[in-house]
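Q: Please give me a close look at a single chain in this model. Start with how it is divided up, then show me what lies around it.

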Amino acid sequence: MNTPTRTSVKVAYSLAGGALLILAAQLIGQFGLAGRAWPPVMDVVSYVTTPAGASLLWRNTLVTFSSAAQGFLLGAVIAVLGAALALVVPIIRPGMDRFAAILHAVPTIALAPLLITTVGREDAPAVIAALSVGFVMFVTMASGFANTSSAHQDLFTVIGANRTRRLARLELPRAVPAFFDGLTLSAPAAILGATIGEWFGAPMGLGLVIVSAMQNYQMALLWAAAMAATIMSLLAYLVFIQLQRVAMRRFT
Amino acid sequence: MTRARSIGMGIVHLWPIALLLLSWDAWVVLNGYTSTVAPRPWFVIADVFTGFADYVPSILYTLGMALGGLVGGTLIGFVGAVLVWWSAALSGVVTPAALIIRSVPITALIPIIARIVGYGDPAVLASTMLICFFPAFVFTLSGLAAIPEAGRDLFTVLGANKLQVLSRLGVLYALPNLMVSVRITAPSAVLAAMLAEFLMGTSGLGALFSQARSYMDMERSWGTALVATVVSVLVFVGAQLMERRVESRLT
Amino acid sequence: MSSTATLTPMETKPAEHATRTAVSVNRADKIFTLSRGKKLQALAEVDLEVREGEFVAIIGPSGCGKSTVLRLAAGLDRPTNGTVEIFGAAPHELATQHRLGVAFQEHALLPWASVRSNIALPYKVAGRKVDDARVDGLIELVGLKGFEKARPKQLSGGMRQRVSIARALALSPDLLLLDEPFGALDAVTRRRMNAELARIWGEEKITTILVTHDVDEALILADRVVVMTGRPGRVRTIKNVDFPRPRDAATTRSPEFHELVDELTSLLDANDGDAA
């Protein structure tokens with residue numbers, strides 16, 4: 001009885017808060033409180049609704065989305081395989097942990113020259129996205145694999161499970177919630193990685209649009225592109241957090 | 001015996017790095033790349049050591065911006081979380097704002113900040129602060145939410161007000177979480193500082209990197225990447241040590 | 001009590017003995033090395049023989065190492081000194097041949113699997129085809145008909161333990177190890193589960209070792225009760241329990257039963273005195 005009313009109050013607060021924020025952003029722009037660089041929200045919206053603006057944003061959003069999605073898939077697959085390998089072959093585990101920590105600490109921008117030489121300007125965004133995703137996924141999967149309860153491990157020992165069956169029937173299903181945790185965390189990382197890659201001379205993409213709009217002082221376009229990237233990231237986050245809730249219900 | 005053992009431990013922990021250096025070198029040599037395409041690792045390392053004096057001002061600038069942003073952003077996140085914990089109505093404004101800030105890629109944020117604040121130190125600092133804000137906010141909030149009922153009941157029975165609950169219980173639960181957030185965001189702060197420096201090209205490792213690239217000085221540009229990695233790893237390790245200290249103190 | 005009967009296909013019965021030795025623990029010590037080189041002796045010179053088809057209960061105060069004995073028999077730990085043999089071989093061989101059934105105090109059910117697939121798990125792990133009739137029979141045996149599709153979190157504590165016992169029985173093991181399977185249950189449910197376990201055991205007659213701290217439970221179920229003392233764990237005494245089966249309420253109300261309960265309880269109390 002109590003909980004639904006409380007959640008609905010929370011949602012109402014959040015909606016009101018969101019509306020308030022938009023209004024504040026509009027007013028700051030309208031009265032020029034933050035200078036010329038902060039346009040009124042309505043200007044940005046009206047730019048997005050022009051056919052030229054819409055088509056420019058849409059095409060570049062698609063490019064960034066496809067780089068981010070490719071990198072997301074690649075990074076997630078490699079990280080899960082790596083974490084599973086480290087689980088099955090424990091001797092390589094310390095080295096891989098250390099390597100993943102270093103990889104995480106590498107500022108992705110530092111990898112850009114390396115990647116442009118190796119994979120080229122077109123594919124660099126996807127690869128940087130894959131690296132950003134890969135670290136997060138590796139760490140969450142490694143800890144997901146590590147936290148199997150000792151009672152379950154004992155059970156599989158006494159019923160005589162071999163390594164593959166233990167992996168398939170205990171460790172993999174047990175790590176499913178961690179897997180979705182990792183996806184939720186790394187979805188924004190994929191989009192960030194893709195846009196960083198695009199700063200280094202990719203032919204298209206939101207990252208490129210943002211930099212060129214900044215340099216050419218096209219404020220409506222800059223804000224619109226930034227919003228497109230944000231909305232993409234937000235949607236990915238919201239989708240994965242739902243999946244993660246389902247996984248939590250199903251696997252625990 | 002112990003020496004052999006420590007060498008063994010070194011191999012166990014560091015084999016991927018050795019593998020990486022060797023395959024980097026092999027890749028350059030086998031493809032016959034000249035140093036304008038891709039330098040060999042040994043020359044890059046040599047450039048870092050011989051030209052270290054050139055790197056120092058940039059390192060200090062980036063480090064200062066990253067640490068300043070880390071401290072500032074974490075504090076703002078902490079205060080924001082306490083405010084939300086305090087008032088349900090305020091959470092209505094702060095929660096959607098935090099969700100949006102979480103989702104904005106820094107690559108989209110930095111150009112806007114640079115335009116609003118103007119090119120220079122404040123823009124770099126504002127970028128690193130915004131990056132560190134959200135994790136600090138979320139981790140503090142979850143720490144405050146983890147105050148056990150029993151503890152709260154005890155304080156209610158003792159007639160404590162909300163401020164006392166916060167200062168005696170809340171901080172105790174929030175601080176370890178806050179340190180986790182510092183560890184997580186430390187490398188991101190370095191990344192954000194470098195991205196901002198790269199874009200604005202005024203000072204710092206990001207700017208050094210951008211200049212080296214435009215002069216086709218590959219050893220310097222890869223050297224900057226290497227130095228930036230080391231700086232970032234050191235910041236991360238420092239944050240990790242601090243986290244352990246706080247944790248052993250509080251638990 | 002002894003029946004070397006037809007439970008296991010692998011068994012070849014020596015003609016000259018009516019019963020084989022199922023479990024034999026000889027002068028087993030178990031010393032755990034804790035952090036900073038500190039050592040903890042959990043068991044000292046434990047001797048235990050369990051004949052095939054026998055139900056043996058191990059009782060003792062908490063921390064006396066009774067669960068350690070069970071872990072040695074299951075091959076989950078090795079003795080520091082001494083030997084443990086199950087059917088004349090190393091304990092872990094029984095596990096690799098899928099001839100061992102264990103129910104833990106923590107039920108260790110897979111939270112993502114239904115009652116049915118939890119019970120069928122040993123078949124899948126052994127790489128055998130799931131014997132549906134057998135699984136249905138076990139579900140019926142432990143009284144969970146109608147709950148086949150339920151997931152563990154939808155069940156009560158007692159029901160979860162029944163699933164765990166059914167899973168332990170799935171492959172008709174040669175040896176059943178029960179580590180306080182009802183330890184987390186309330187007294188009423190616990191007695192009901194004792195009665196059910198007695199009934200199930202009456203039907204399957206599997207060599208069983210039960211670890212418990214509940215004297216009544218041991219006397220309701222076991223042929224022999226091993227009393228252990230604490231720190232380090234030693235076998236203090238072994239009692240034969242000759243009450244006729246099935247042991248119903250009439251048995252547990254009898255003066256002989258109470259006498260034995262009092263005797264064993266006082267032994268446990270004396271142990272605490274010794275340890276202090």
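A: **Chain A and its neighbours**

Chain A is assigned two domains: domain 1 covers 1–38 and domain 2 covers 39–251. These bounds come from an automatic or database domain assignment. The two domains meet through eight residues of domain 1 of chain A and seven residues of domain 2 of chain A. (Contact means heavy atoms within 4.5 Å.) Their centres, taken over C-alpha atoms, are 29 Å apart.

A word on the ground rules. The model is predicted: local features need pLDDT of at least 70, side-chain atom pairs count only at pLDDT 80 or more, and totals for chains, interfaces and linings use all residues. Residues are numbered from 1 along each chain as its sequence is written, chains are lettered from A and ligands numbered from 1 in the order in which they are written, and side-chain values use heavy atoms, with hydrogens and water left out.

Now the fold of chain A. It has eleven helices and zero strands. Helices (H or I, at least four residues) and strands (E, at least two) are DSSP runs, numbered from the N terminus. Read along the sequence, the pattern is α-α-α-α-α-α-α-α-α-α-α. The C-alpha atoms of chain A fill a box of roughly 70 × 60 × 30 Å along the principal axes.

How is the chain packed? Take the contacts in chain A with a separation of 6 or more: 71% of them join residues 24 or more positions apart. Of the 252 residues of chain A, 52% are buried. Buried means under 20% relative accessible area, exposed means over 50%, and partly exposed is in between (1.4 Å probe, protein chains only).

The surface comes next. Chain A exposes about 11,500 Å², and carbon and sulfur atoms supply 71% of that area. Chain A has 15 positive and 8 negative side chains, and the centres of the two sets lie 10 Å apart. Lys and Arg count as positive and Asp and Glu as negative, while His and the chain ends are not counted. Each charge is placed at NZ of Lys, CZ of Arg, CG of Asp or CD of Glu.

Tyr217(A) is not a glycine, yet its phi is positive, about 55°. Tyr217(A) sits in the loop between α10 (206–215) and α11 (219–251) of chain A. Its relative accessibility is 34%, so Tyr217(A) counts as partly exposed.

Who are the neighbours? Two pairs of chains touch, and chains A and B make the most contacts of the two. Chain B and chain C do not touch, and their nearest C-alpha atoms are 18 Å apart. Chain B is also divided in two, with domain 1 at 1–32 and domain 2 at 39–250. Six residues of domain 1 of chain B contact six residues of domain 2 of chain B. The C-alpha centres of these two domains are 31 Å apart.

Then look at where chain C reaches chain A. Trp112(C) lies in the loop between β5 (100–103) and α3 (115–126) of chain C. Leaving out residues up to four places away in sequence, Trp112(C) touches Arg169(A), Leu170(A), Pro173(A), Arg174(A), Arg250(A), Phe251(A) and Arg151(C). Its relative accessible area is 10%, so Trp112(C) is buried. The C-alpha atoms of Trp112(C) and Pro152(C) are 8.0 Å apart, though the two residues are 40 apart along the chain.

Chain C has nine helices and nine strands. Its radius of gyration is 19 Å, close to the 19 Å from the globule rule for 276 residues, so chain C is as compact as a globular protein of that length. (The radius is taken over C-alpha atoms, and the rule is 2.2 Å times the number of residues to the power 0.38.) Buried residues make up 53% of chain C. Its accessible surface is about 12,400 Å², with 50% belonging to carbon and sulfur atoms. Chain C carries 37 positive and 37 negative side chains, and the centres of the two sets lie 7 Å apart.

Two loops in chain C close the tour. The peptide bond from Arg245(C) to Pro246(C) is cis, with omega near -5°. Pro246(C) is in the loop between β9 (234–240) and α8 (249–253) of chain C. Ser172(C) is in the loop between α5 (157–169) and β6 (175–179) of chain C. Its phi is near 45°, a positive value in a residue other than glycine.

Definitions and conventions. Areas by Shrake-Rupley, 256 points an atom, 1.4 Å probe, with all protein chains shown as cover.
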